[in-house]
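User: I am about to study a protein chain. Please take me through it step by step.

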Amino acid sequence: MRQSLLFAAMCLVAFIGVDSAFAQVEGDSVSFLLDPVTITGTRVSHSWIQVPLSLTIIGTKELRRSKGSGIDEVLSFVPGVLAQSRSGNQDVRLIIRGFGARGAGERSNAGTTRGIRILNNGFPETEPDGRTSMDLLDISAAGGMEVMRSNASSLYGNAGGGIVSITSNTSFESPYALYRQSFGSFGFHKEHLTGGSNLGAGKLYYSLGNTTSDGWREHSRSSQALFNAGIVATLGERTDLGVHLVGTSNIFRIPGALTQAQYDADPSMSDSIYIARDERRHNRLGRLGVSAEHRLDDHNALSATAFVQPKFLERSERGTFRNFTRYHVGGSAMYRNEAVPAEDVRNVFLAGLDEAYQDGAILFYTLSPEAGIALPLRDNKREGANNLGLFAQNELLFGDSWIVLFGLRYDLVSYYSESYIDLDLSDAKTFSRLIPRAGVTWRLSPTQSIYASLGGGLEVPAGNETDPTGVDGQDTVYAINPLLDAMQSTTVELGTKQVIGFGGDDAVAYLTYDVAAYWLRITDDIVPYRNGRFYFTAGRTERMGLEFGAELNFTMGLTAQAAFTVSKNEYKEYTIDSVHYGNPGAVADYSGNKVVGVPDVFYSVGLKYSPKALHGSFVGTSLQTVGEYFADDANLITVPSYTIVSANIGFDRWAPGGGKFHLSAFVGVNNIADAKYIGSAWLNPDYVNGQPVYIEPGLPRNVIGNISVGMTL
């Protein structure tokens, strides 16, 4: 399988690299891909076509043609990325090349993802232990999104699965204000105000949103208030400064998983125990972040960031009420040198450090009959984590044709756990690794490149994964799971990117595509058991895949999109005794089985028609298919494949009389055929009365839409 995938990729790269006629390519989106821009995830200024990594850029229009609730709404056309809504709100199961698959189930897995670093205006949403909450993400107000599918640990540490980087809209030229009302099935409603203003040499952006939803399943109501504002400015000729503030109050209820019999009878039902305990998450948090860059001269620059993020979190889970008071602080510092050692040769050297620290108290109470606090206090714990990373990278650019880079990063991740009631139940643990990176890009023409990359990866177990569960009384023995180690991975990747402009009177305006083939080897792959109550590690795992993404634009106003992913994910060495409770000495060997939670095939195709004569009006349709996968390591529980068809219609920025006011609106129907499917699955689940409890049903047919009124000042 590995040889077949790589051979197919090389043939495709060779075929696409054959002589093509390159006409002048026009259009804002294509210019953005080809012009040098600061790609947040790479820490240097490059165009999309130069970066020796798998990278997808999502523009403002795509972000705003969604209901603005979950990140899954805008990722369906990113190859290699599978985003599945768990309950129809911001709780999303996010997977990139298999990383993040374990972020489902219970035990604090709701509302978070694993192994994928998410940046918001350059500041980490990801905590030092690698767990990411999506509470502070405002998709509706974002100016753009980058999705890096390659191993990103050498750039940011503790993020083997890649990077999702979201930036606020600061590219406006004139002051503006935009008010939007969004609506949808199952009581979804969102009010959203966003805008921007020029402040001398700087820009102010802001957004304020309020979202409510009844949810389509029992006990899946949610609400969120989210505020986002910032100032970016140029101070003098050499200094740039940014100040960013974001805050939210977010609550959502958790419906739990179903057995097959429950799902067949009524997929909208919820776990009765979850309803009785009113299982929920209530998060109140904010962040103040400051970034600065100072260019010492034409060749040297210093940049730095700093942030402080207080958090007040409440959980009703597993018969326990927990109250968290945490603070997340950190920042980064980087030195950049650009030199010209020879004619037509440019050298860019980076060196710096990242630091993030999170700590705070957790108060544990028994859950009262009203699903609140029942005194007395059961436990008072401190949980902390620190992630220190030192990195250096050197990049050589030979004319416009070649880029060669080498990098190295050292990461040190430490955990602290301390009980103030049971003084013997305290512990600390440290993970570290030296992470290499190498890459080369060959730019065949201004609009085509071929690249290869090699990257190391580090992903430490998240805090709740290191905390042993009370399956057989382990909670009274260890504060940190002694069986877990950090996942270490190596990624080899080969790919090509191209923009073909046809020009003239051709029916096709331009084609943009990217193809990537990858091979991944992981040691100590972290695997959840008992719905995520505890975790073990697989000895060695291999993943390989082929990804293809394309956008074809016709002069008549028709656009076709496609994203296709095929992969093979297999346990190479995996022996475990956890499946044989009550049978000491029994062992199960899962070597050769498919990796749990990761489909071999998934793809999306879409069409959008937006003729120029109709001034921004559009109609579109899309189809998304996710292949079957296994919900258990024994490969006995199969999650069936499914296909969802959706459509929308609307118009963008209609300005009556060409004035300062403009209107935009769209309405869409998701899952038109009302297909019944499993949207997400709990992995290696519990069994109740002999039946696995693992099914999170996917949304039935539902309507979404919005109408917005904008004003340019």
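Analyst: Start with a definition: two strands pair if DSSP finds at least two bridges between them. Strands (E, at least two residues) and helices (H or I, at least four) are DSSP runs, numbered from the N terminus. This is a predicted model, where local features need pLDDT of at least 70, side-chain atom pairs count only at pLDDT 80 or more, and totals for chains, interfaces and linings use all residues. Residues are numbered from 1 along each chain as its sequence is written, and side-chain values use heavy atoms, leaving out hydrogens and water.

User: Which residue in β10 is the bridge partner of Ile58?

Analyst: β3 runs antiparallel to β10 (residues 142-148), and 4 bridges join them. Within β10, the partner of Ile58 is Met145.

User: How many bridges join β18 to β19?

Analyst: β18 covers residues 300-317 and β19 covers residues 320-342. They form a hairpin with 2 residues between them, and Arg318 in the turn has a positive phi of about 55 degrees. The strands run antiparallel, and the number of bridges is 18.

User: Which residue takes a positive phi in the hairpin of β19 and β20?

Analyst: β19 pairs with β20 (residues 345-367) in the antiparallel sense over 21 bridges. In one of them, Val329 has Tyr357 of β20 as its partner. This hairpin has 2 residues between the strands, and a positive phi near 65 degrees belongs to Asp344.

User: How many helices and strands does the protein chain have, and why is it called as compact as a globular protein of that length?

Analyst: The chain has 7 helices and 41 strands. The globule rule (2.2 Å times the number of residues to the power 0.38) is set against a radius of gyration taken over C-alpha atoms. For 713 residues the rule gives 27 Å, so the chain is as compact as a globular protein of that length, with a close value of 25 Å.

User: What percentage of the residues count as buried?

Analyst: Buried means under 20% relative accessible area (1.4 Å probe, protein chains only), exposed means over 50%, and partly exposed lies in between. The chain has 713 residues, and the buried share is 57%.
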